[in-house]
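Biologist: Could you walk me through this model, starting with its charged pairs?
Modeller: Gladly, let me put it up first.

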Amino acid sequence: KRLQMVIDENAKRIKHYNRLPYLVANVAEILETESENEDEADVAHCFKVAAATGVPVVFRGAGHTCHGQALSDNGILIENFVDRAEMTTLDEAHVEVTTRSSWRHVESALNERGRAVPVLTDYQHLAVGGTLSVGGVGFHSITRGLQVDHVTRARLVLPDGTAVWCSPDAHGELFRFALAG
């Protein structure tokens with residue numbers, strides 16, 4: 001299923017998150033990611049629309065900041081969270097996880113395989129992309145670093161709509177800026 005575009009006539013929309021209502025104010029469009037295979041193309045389309053219309057794009061993962069509010073003024077809000085683990089095993093030591101995956105479910109899936117995330121935040125009902133965007137500090141950070149220190153590569157959709165894989169060796173500057181800002 002494609003992203004759902006919701007044009008809000010009143011520039012306001014009431015949503016419910018964890019049974020708490022919250023207001024997303026002055027958001028022109030709300031896009032809810034629903035299809036793993038089409039997300040990249042849909043995000044690229046959002047960036048192109050935003051560039052053509054001069055509006056900002058804001059992402060929201062699990063929405064735990066300020067009771068789920070996202071800071072956007074007449075822009076596009078992309079809701080990017082699923083309460084499951086979208087994960088592919090690459091080898092014995094690496095997995096590929098979507099940014100919208102829930103840390104709680106990623107950890108549970110890894111535990112079933114006898115593995116664990118090296119650093120978890122105290123609260124795990126968060127989107128992978130949300131905590132990686134701010135570094136990801138947890139109990140084990142004192143000895144194991146931040147969550148971002150354990151990311152080996154990332155796939156980014158750039159504002160011009162192109163998608164690139166980046167790592168410390170490929171598009172290193174993008175990689176550094178994408179993780180923990």
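Modeller: A search of the whole structure finds 7 salt bridges, a salt bridge being a side-chain nitrogen of Lys or Arg within 4 Å of a carboxyl oxygen of Asp or Glu. This is a predicted model, where local features need pLDDT of at least 70 and side-chain atom pairs count only at pLDDT 80 or more, while totals for chains, interfaces and linings use all residues. Residues are numbered from 1 along each chain as its sequence is written, and side-chain values use heavy atoms, with hydrogens and water left out.

Biologist: Thanks! Which strand holds arginine 60, the partner of glutamate 79?
Modeller: The side chains of these two residues, glutamate 79 and arginine 60, form a salt bridge with N to O at 2.4 Å. Both are buried, where buried means under 20% relative accessible area, exposed over 50% and partly exposed in between (1.4 Å probe, protein chains only). The pair links distant parts of the chain, 19 residues apart: glutamate 79 is in strand E6 (residues 75-79) and arginine 60 in strand E5 (residues 57-60).

Biologist: Is glutamate 92 buried or exposed?
Modeller: Glutamate 92 forms a salt bridge with arginine 115, the closest N and O atoms being 2.3 Å apart. Arginine 115 has 38% relative accessibility, so this residue counts as partly exposed. Glutamate 92 has 62%, and therefore counts as exposed.

Biologist: How far from the ring centre of tryptophan 165 does arginine 153 lie?
Modeller: Arginine 153 also meets glutamate 96 in a salt bridge (2.6 Å, N to O). A charge sits over a ring if NZ of Lys or CZ of Arg is within 6 Å of the ring centre and within 35 degrees of the ring normal. Arginine 153 lies over the face of tryptophan 165, and its distance from the ring centre is 3.8 Å.

Biologist: Why does glutamine 147 count as buried?
Modeller: Glutamine 147 is placed in the loop between H4 and E9. Beyond residues up to four places away in sequence, its contacts (heavy atoms within 4.5 Å) include Trp103, Leu120 and Leu132. Glutamine 147 counts as buried because its relative accessibility is 4%.

Biologist: Which element has the highest mean pLDDT?
Modeller: pLDDT is the predictor's confidence in each residue, from 0 to 100. The protein averages 77, and 74% of the residues score at least 70. Among the elements, strand E3 (residues 20-25) has the lowest mean, 35, and the highest mean, 94, belongs to helix H2 (residues 103-112).

Notes:
Helix = DSSP H or I, 4+ residues; strand = E, 2+ residues; numbered from the N terminus.
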